[in-house]
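The entries below follow the order in which I looked things up.

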Amino acid sequence: MTAYALTDSATMLRRNLRHALRYPSMTIATIGGPVLILLLFNYAFGDALAAGIGGGEYIDYIAPGILLMAATSGSTATAVAVCSDMTEGIINRFRTMAISRTSVLTGHVVGSMIQTMASIAVVIAIALAIGFRPTAGPVEWIEAIGLLALVTFALTWLSTAFGLVTKSVETASNAPLPLQFLPFLGSAIVPTDSMPAGMRAFAENQPFTPIIETLRGLLMGTHIGNSAVLAVGWCVALALAGYLWARAAFNRA
């Protein structure tokens, strides 16, 4: 039974990747958004914002936050792809076929993760090209990429759930926007201690701030403290919530 599920999931994965190649606009947007934000904040606002980070190059401060934004950037594409399948009737067609039901969701999740991790790789390459100089060794890089993969996995399941519960592609494209804006309300752009009291309290206790601080600590050698435990805990909680929500929505549809 497991072998059939894996085979069907691989088939669905190939289908989703072919769709991404045939309709590259969403993939380009997924990659282009974080790159534009990186260039904008580094070159347009970098000199003004660098004073608030306590010394050092602003690109070294902002790059870990932009990597998290790259992980969130695939949310819209995932939600739109899942919603398109639901509203165009292909899911009903799949249900009449002798395939594993879970393979439909698994194909979307794995395919979206591959595209999002490719986006993260592009952002890393461009950040390095414009002056990002991490101090991480091989172990720290592996840990940082592992954390990015974990948060991508969690956000992909949440986005899959968004795509299943929305009734139109337009709504699905807007549903993940809060996930994409939360890093701005964390420590991605400026330290939280430079924020007003109310915003600082929110920034320090939202899911993405410990993830950003853990990435920054791994890549730049800054203090991590308990951020790593909180980051992994938030990722696991979001992944579990997204998975259970998506499974329930898929079974009801």
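**Entry 1: α4 and α11.** I began with the crossing of α4 and α11, which is right-handed; a crossing is left-handed if the near helix is turned anticlockwise from the far one by less than a right angle, and right-handed if clockwise. The model is a predicted one, in which local features need pLDDT of at least 70, side-chain atom pairs count only at pLDDT 80 or more, and totals for chains, interfaces and linings use all residues. Residues are numbered from 1 along each chain as its sequence is written, and side-chain values use heavy atoms, with hydrogens and water left out.

I noted that helix α4 (residues 58-87) and α11 have axes that come within 9 Å and cross at roughly 130 degrees. Axes are lines fitted to C-alpha atoms, for helices over the stretch in contact, and angles run from 0 to 180 degrees between N-to-C directions. The two helices are therefore oblique to each other (under 35 degrees counts as roughly parallel, over 145 as roughly antiparallel, 65 to 115 as roughly perpendicular and the rest as oblique).

For the contact (heavy atoms within 4.5 Å), I listed residues including Tyr 61, Leu 68 and Thr 72 of α4 and Phe 208, Ile 212 and Arg 216 of α11. By class, I found ten nonpolar, two polar and two charged residues in this contact. Ala, Val, Leu, Ile, Met, Phe, Trp, Tyr, Cys and Pro count as nonpolar, Asp, Glu, Lys and Arg as charged, and the others, Gly among them, as polar.

**Entry 2: α7 and α11.** I next examined helix α7 (residues 138-165) against helix α11 (residues 208-220), which pack at an angle of about 160 degrees with axes 8 Å apart. That makes α7 roughly antiparallel to α11. Their crossing is left-handed. The α7 side of the contact includes Trp 141, Leu 148 and Leu 155, and the α11 side includes Phe 208, Thr 214 and Leu 218. I recorded eleven nonpolar, one polar and two charged residues for this contact.

**Entry 3: α4 and α7.** I found these helices packed at about 30 degrees, with axes 7 Å apart; α4 and α7 are therefore roughly parallel to each other. The crossing is right-handed. Among the residues that meet are Ala 71, Ser 75 and Met 86 in α4, and Thr 152, Ser 159 and Phe 162 in α7. This contact has twelve nonpolar, eight polar and no charged residues.

**Entry 4: confidence.** I checked pLDDT, the predictor's confidence in each residue, from 0 to 100. The chain has a mean of 87, and 94% of its residues reach 70 or more.

Key:
Helices (H or I, at least four residues) and strands (E, at least two) are DSSP runs, numbered from the N terminus.
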